[in-house]
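Here are my notes for you, written as a list of points to go through with the model open beside you. Take them one at a time and find each spot as you read.

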Amino acid sequence: MEYNTEEINEIAEQLVKLVGKSLKQREKAGQPTIADFEKEFRDALRQIGVSALGLYLSGLQTTPESEIRCSCGGRLQYKRMRDAKSISVFGPISYKRAYYAGCICQKGKAPLDEHYGLKPGAVGSGLAQLMALAGIGFSFEESEKWLAEFLLFDISENSIRSETEGLGLIQDKADEKAIEVSQDEKVLQQRLREVSDVPTRLYGSIDAAKVRIEPRAKDGEPVLEDDEWRDMKVGCWYQTEPVSKIQQSKRQREKAQRDGTVFRTKAHQYFCDICPADEFGKLLWTRGCKVRADFATELVFVCDGAIWIWDLVTHYYPNAKQIVDWYHAEEHLEKLADAVFTAQSDRQDWFNSLTEMLWQGQVEDVVLACQKLETQHPHVQPTSTYFANNAERMRYDVFRAQGYLIGSGTIESGCKQIVTQRLKRSGAQWTVDGAIQTAKARAAWLSGDWSTLCKQRALLPLVI
Ligand SMILES: [Zn+2]
């Protein structure tokens, strides 16, 4: 919104008068810099915000009616104009609004609060968004310092944790609800009739990363049990687009020479949970419905090869193309080579020739070559079985010719962004619920669903 310049200038002149006095004082303590000026003005604007928002909210209160309907069906009588406080992006504000009580259900009500999504005594939804945004990016302790720099007033670490996890809880509940809906036959039938927006080539990937859950002390008593590691399962739906020659990085240019077209991934939709595989399967299906995976002309899964992952893919999307991540397959060859060869040159020769075989999709030859080594070195993990079991998921020559991605970098990056960069930050201490909620809020941010999630928080029913 562009405001009238003259009116803005008028207010600015008053602001200069107000802040000027304080800056004069400061000059005595030493030469102020532009950063000092900026901070003073920001702080003054913030305080004006506190006052203006309170005044504005109080001004929204119309003449109270003597009696209104209660949500229980009874009647509420006007009692008085009552003070309320809320914490805004400017800091704690206070305002006055009409308060009603006296219903048989014994609940009171301030219609103004309900109308504008204000929760007396609590953080307003505007500030809650910023707190949670800090909370999904930094440890809660760091968030406190980070927000103080930006907002110029203090918010406690605990409030940041509670807003971040609160937002994640809303996502968790939304997931639960969506799972329920996506299993409803009627809804699924309805979807069949709406076949617009069908993705042509859609990718799916699933992976998991460990999260450390620390037993919490209860009633000040130290807890002696060991930390527990739990799997955060992460999934992603995404699409690809070719990277034009001009935009290619040096690495991508090299890749283009070898592979032809270079693709980048887009439209990432991440989802995650700490739960058994079959529960995660329901979430995979539900999020799949959202991106219309079941209607996709081509559906491709690129994953690391864990059995529980392929079981889910086969169960929910039996017609999807299954590809084992190239780098994981290559790593199996590398490990076998390391375990068997003592001479570096032998190791390298064997590895190079096997990698080339694999690149050409000659999986049967790879299996034979591995078996040969394993007979001589029975202590070695049966790599041949891994390749034999996954042969059809390793036709890399065919996949490359069809322009499929053969690397699961997208989901690995997803695990890194959701789990490593946030849940494994130093100072992080998680309960299972806290880890799930923070991860879900972070996944919503990474998927471009942040504003939708924040809107849901603002619309939550209010309790007085
Ligand atoms: Zn009532």
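1. Let's begin with a word you'll need: a donor is an N, O or S atom within 2.8 Å of the metal. With that in hand, look at the zinc ion, whose donors follow the spacing C-x1-C-x30-C-x1-C along the chain. The pair of cysteine 72 and cysteine 105 links distant parts of the chain, 33 residues apart. You'll find cysteine 72 in the loop between strand S1 (67-69) and strand S2 (75-88), and cysteine 105 in the loop between strand S3 (91-101) and helix H3 (111-116). Do keep in mind that this is a predicted model.

2. Which atoms are the protein donors of the zinc ion? They are the SG atoms of Cys70, Cys72, Cys103 and Cys105, lying 2.2 to 2.4 Å from the zinc ion. And why is the arrangement tetrahedral? The 4 donor atoms subtend angles of 94 to 117° around the zinc ion, and four donors count as tetrahedral if all angles lie between 85 and 135 degrees. For reference, the ideal angle for four tetrahedral donors is 109.5 degrees.

3. Cysteine 72 counts as partly exposed because its relative accessibility is 44%, and the label needs a value between 20% and 50%. Cysteine 105 is partly exposed too, with a relative accessible area of 29%.

4. Now zoom out to the whole chain. The secondary structure of the protein comes to 18 helices and 8 strands. Is the protein spread out or compact? Its radius of gyration is 29 Å, well over the 23 Å that the globule rule gives for 464 residues, so the protein is more spread out than a compact globule. Along the principal axes, the C-alpha atoms fill a box of roughly 90 × 65 × 55 Å. Of the 464 residues, 41% are buried.

5. Rolling a probe the size of a water molecule over the atoms shows where empty space is left. The largest pocket holds about 650 Å³ of space. It is lined by 23 residues, and the closest to its centre are Lys255, Val262, Phe263, Tyr327 and Leu405. Helix H8 (250-259), strand S6 (263-273) and helix H16 (409-423) are the elements that give two or more residues to this lining, and H8 gives the most, with 5 residues. By class, the lining of the largest pocket has 7 nonpolar, 10 polar and 6 charged residues.

6. Then try the second largest pocket, with a volume of about 360 Å³. Among the residues lining this pocket are Tyr3, Ile8, Leu15, Leu45 and Ala52. Two elements to look for here are helix H1 (5-28) and helix H2 (34-60), which each give two or more residues to the lining. The largest share, 5 residues, comes from H1. The lining of the second largest pocket divides into 8 nonpolar, 1 polar and 1 charged residues.

7. Here's something to check in the backbone. Most residues other than glycine have a negative phi. Leucine 152, though, has a positive phi, near 70°. Where is leucine 152 found? Look in the loop between helix H5 (140-151) and helix H6 (157-182). At 17% relative accessibility, leucine 152 counts as buried, because the cut-off is under 20%.

8. Alanine 267 has a positive phi as well, about 55°, although it is not a glycine. This alanine 267 sits in strand S6. Is alanine 267 buried or partly exposed? Its relative accessible area is 48%, so alanine 267 is partly exposed.

9. Proline 120 counts as partly exposed at 36% relative accessibility. Serine 451, in helix H18 (residues 450-458), is 322 residues from glutamine 129 in sequence but 8.7 Å away in space, C-alpha to C-alpha. Serine 451 is also partly exposed, with a relative accessible area of 48%.

Technical notes
Residues numbered from 1 in each chain as written. Predicted model: local features only at pLDDT ≥ 70, side-chain atom pairs only at ≥ 80, totals over all residues. Heavy atoms only, no water. Donors = N, O, S within 2.8 Å, 3.2 Å for Na, K, Ca; no water. Tetrahedral: all angles 85-135°; square planar, octahedral: opposite > 155°, others 65-115°. Helix = DSSP H or I, 4+ residues; strand = E, 2+ residues; numbered from the N terminus. Buried < 20%, exposed > 50% of the residue type's maximum accessible area, 1.4 Å probe, protein only. 1 Å grid on protein atoms, 1.4 Å probe; cavity = no way out; pocket = protein on both sides within 12 Å on 5 of 7 lines; lining within 4 Å. Points joined across faces, edges and corners; volume = space filled by probe spheres on them. Nonpolar A, V, L, I, M, F, W, Y, C, P; charged D, E, K, R; others polar. Rg over C-alpha atoms; globule rule 2.2 N^0.38 Å.
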